[in-house]
Structure formats: C-alpha cells, structure tokens
Amino acid sequence: MLKTQLIFILSCKVRNNLIKSTLRNYSRTACKPKTIVWNTFSYKYLLHQASFQATQRFWLSKLTNISLAKDTQSITDSFLDGVVGIEDSERRDEVLGIVKFLISHGCSEEEIKTKCLHYIIGTQSSYFKVKLLADLHFNIVMLMPLLSCHIVSLRAAAKHARRDNNNRIEYLSHNLDIEPVDLIPMLSKHPSLLTMPFKRLQHKMTVLKQAQISSEYIVKDLWIFNYNEKLLENRISAALKAKVELKPWMLRCSEKFFESMLSKWAQTQNILKGDDEVSYLAKKLDCSEDYVKVLMEKNKLLKTINIPKIEKVLNFLYEKGYTPQEVRLFPRVFCSSVQTLSKRFEEFSKFKATLPTMSQLCISSKKFENTRTKKSSSKEKESELSESS
C-alpha cells in the first residue's frame, strides 16, 4: 500500500497527462502481489526514473514503440521549430511522439503541418486521443476535429468501432447525404452518434427515413438522435395522420407545443381548402398572386405568420369597415393580434367617430400611448373651454 501511494504521489507531480496516466496504470499493475514481487532494487529503480525527462522518454518509448532520439530520420526537432514553438520540453516531446505516430500511419509531413498540428496543440491528452482515432477505421487526418471531444467519448467510439467492425462515419455520410469532410466537424459537437450502439443508431435512422424526413433537415438538427425511439415513432404516427410535413424539431419539442402545432396545421388546411398560401392571400386581399409574392419579399415576417392568425386579423378588419386595398398598403397589421387591434380601435373610437387609419393601428405601443395621452388631454381642454363658455 505504501509503495502504491508513493508511485501515485510521484505521478501527481508530473504535469504531462501522458506520463501521469501511465504511472498510475503502472502502479496498479506493478503492485499486484501475484504478478510482481517487489524488492528494494526495483523500488529504488522506479524512484530513480522520477525525473521528468527520463520518465517521459522511458514511457513514451514503451507506449509508442518509436524511438524518441533526436536523430530520427522521419522527423526532427527542426520540423516542430519551423511550425510552432513549444517551450515546455514535456509537451514538446509528447507532440513529437504524436507526429511520429501519424507518420507511422502513412501521414505526410505536409498533411501534419497543415491539417493536424493546430488540433493537436490545442488539445489536452492529445496523444491518447490520436491513438483512439486510429481505431475508428477512417482517414486519421480527416478525423482531427474529433480531438475536441472528451476522451471518454472517444474511448466509447473506439470500443464500438472495434466491436461492430463497421465504418460508422461512412454509414452516416451515406444516409445523411453529406461528405465526410463536412460531417466530421458536426460529429465533434454530437459525439453521441459515435458512442451509441450501432443497432440503436441504425433503428433511429430507419425511423426517420421511413417518415420521409429530408436528410437536409436531419443534418441541421442532429440532436434528434438523442431522443427515444418510441417517442419518435409516436410523434411521427400522429403527424402523418394529420398530414403534416415533418421536420426533426417537431419530434423533439414539448408535448404541449406538438399538440398545438397539430391543431394549427388542421386549422390551416381547413382555411386554405386545397390552395397554397399565395393563392389564399391573393383572394383575401383582392389582388394578383404576383403582387402577393412581391409583398412577401418586402415583408419577410409575412412568411412566418400562420394562416389562422391572418384569417382572424382580416375578418376583424373587414368587419370594422376597412378595405382590402387599405390592408395591402399596411401589411404590418398582420404582426398585431386581434386583441391588440380591438383595444386600439376602441381607444380611438372614444376620440372621434370616424375609423382610425391603418397607420394608427400599426404604430408601436409606445407611440400609441403617446397619441392616446395627447388625444385625451386635448379632449379635456375642449371640455373645459365649453364649460367656461
């Protein structure tokens, strides 16, 4: 127990993550009584290896089977000096070991310099991570963005890759219609696609594809793969019955919002009666479809407002006596709710008998309050003058 603690303390004093992890693993293995019998000589030898540079070179050579001698022909210290300056000798030797490891896997110096080093330098425990990337059965240079993932995620990904014996990145690239060079940076933000069991990933992909959800929509919302398969299937079934065009966000929103969305969709279909939005607005605003398209281009918000709200606003305005031409000139009116328009209409009707203009109905809340205050104060003055006369 005392020897284990001393080795553990020794490892804690080493700043380099590679050496630290190696010493701890070695202490667990070396201190098993059945496998190794400790004696005074071996114990003193381990303490003698405690110096930073000696320990680092000893264990890196054990792990990588690559000599760290400075006269290595494949790569030299001058290569690192020409690319990036690393003052810390421990970190420098670790990066040098990674570079040699990449070269042993067929990477050229130019590829390492232009596509790998900036990922390696900016990552902790990069040596272990690079070794795990090599187990993913893919071009290790293209996998460099995955170094930003936690080492636990990379261990799980490597474990699944070894066990499943398939190329998950190629599978995702094929099913999502996206090139691996564009997919891999996304996977660094969504590592669950690499860490979940392949059968579960395959099942979710099949569910989404059978629902005819566009690959483009899935790529934009990869969070969908974190949700339960049964939830996805239930949502898809309900949406297909309502004949809703499915998008991934609909499958992962709250139950209340999902039901509200289905209700609005049903109302929309009932209002449109087979027409599209442009044809509907052309009929309601008494104008051509081309005019509606121009109106939508100039007023982007008009594309986002749901049809049931537009229907309520138009019915309210036409009941009050406004014409389609007046509405066409002020499409901003669709941004206001019927409740807001009704309140403003009542306030203006107190001051004058005629209809308030569309511009008065569309003004901001602050301007409306200022106008109402001025109108009320002027009305009070008029009443005072009439009483005095």
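This is a predicted model: local features need pLDDT of at least 70, side-chain atom pairs count only at pLDDT 80 or more; totals for chains, interfaces and linings use all residues.
Contact here means heavy atoms within 4.5 Å. Phenylalanine 334 touches Leu285, Leu302, Ile305, Lys309, Ile310, Val313, Leu314 and Val327, leaving out residues up to four places away in sequence. Is phenylalanine 334 buried or exposed? Its relative accessibility is 1%. Buried means under 20%, so phenylalanine 334 counts as buried. One of its contacts is Lys309. Lysine 309 lies 25 residues from phenylalanine 334 along the chain, and their C-alpha atoms are separated by 7.8 Å.

Now step back to the whole chain. The protein chain has 25 helices and 0 strands. Its length is 389 residues, and buried residues make up 40% of them. Take the contacts in the chain with a separation of 6 or more: residues 24 or more positions apart account for 61% of these. The accessible surface of the chain comes to about 22,600 Å². Carbon and sulfur atoms hold 53% of that surface.

Next, follow the charges. Side chains of opposite charge can pair when their charged atoms come close. How many salt bridges does a search of the whole structure find? The search finds 11. Three of the residues involved, Arg163, Asp164 and Arg168, are linked in a network of salt bridges. Within it, the side chains of aspartate 164 and arginine 168 meet at 3.3 Å, N to O. The two partners differ in cover. Aspartate 164 is partly exposed, with a relative accessible area of 25%. Arginine 168 is buried, at 8%.

Another salt bridge joins lysine 220 and glutamate 216, with the closest N and O atoms 3.4 Å apart. Why does the helix matter for this pair? Lysine 220 and glutamate 216 are 4 residues apart in helix H14, so about one helical turn separates them. Lysine 220 is exposed, with a relative accessible area of 63%. Glutamate 216 counts as partly exposed, at 48% relative accessibility. A further bridge is made by the side chains of lysine 300 and glutamate 297, at 3.1 Å, N to O. Glutamate 297 counts as partly exposed, with 47% relative accessibility.

Stay with helix H14 for a moment. Serine 215 is also part of this helix, which covers residues 215-220. What is the relative accessible area of serine 215? It is 11%, and serine 215 is buried. Setting aside neighbours within four places in sequence, serine 215 is in contact with Asn175, Leu176, Asp177 and Lys209.

Then look for empty space. Rolling a probe the size of a water molecule over the atoms shows where empty space is left. The structure holds 1 cavity of 30 Å³ or more. About 90 Å³ of space lies in the largest cavity. Which residues line the largest cavity? They are Leu136, His137, Ala157, His160, Ala161, Asn166, Asn167, Arg168, Ile169 and Leu194. Helix H9 (151-164) and helix H10 (168-175) each supply at least two residues of the lining. H9 gives the most, with 3 residues. By class, the lining of the largest cavity has 5 nonpolar, 4 polar and 1 charged residues.

Finish at the largest pocket. Its volume is about 570 Å³. Of the 20 residues that line the largest pocket, the closest to its centre are Met261, Lys264, Trp265, Thr268 and Asn306. Which elements give two or more residues to the lining of the largest pocket? They are helix H16 (248-252), helix H17 (255-272) and helix H20 (301-304). The largest share comes from H17, with 8 residues. Sorted by class, the lining of the largest pocket has 10 nonpolar, 5 polar and 5 charged residues.

Conventions: Residues are numbered from 1 along each chain as its sequence is written. Side-chain values use heavy atoms; hydrogens and water are left out. Buried means under 20% relative accessible area, exposed over 50%, partly exposed in between (1.4 Å probe, protein chains only). A salt bridge is a side-chain nitrogen of Lys or Arg within 4 Å of a carboxyl oxygen of Asp or Glu. On a 1 Å grid over the protein atoms alone, a cavity is a set of points where a 1.4 Å probe fits but cannot get out, and a pocket is an open set with protein on both sides within 12 Å along at least five of seven lines; lining residues have an atom within 4 Å of a point. Grid points are joined across faces, edges and corners, and a volume is the space filled by probe spheres set on the points. Ala, Val, Leu, Ile, Met, Phe, Trp, Tyr, Cys and Pro count as nonpolar, Asp, Glu, Lys and Arg as charged, and the others, Gly among them, as polar. Accessible areas come from the Shrake-Rupley method with a 1.4 Å probe; for residues, only the protein chains shown count as cover.
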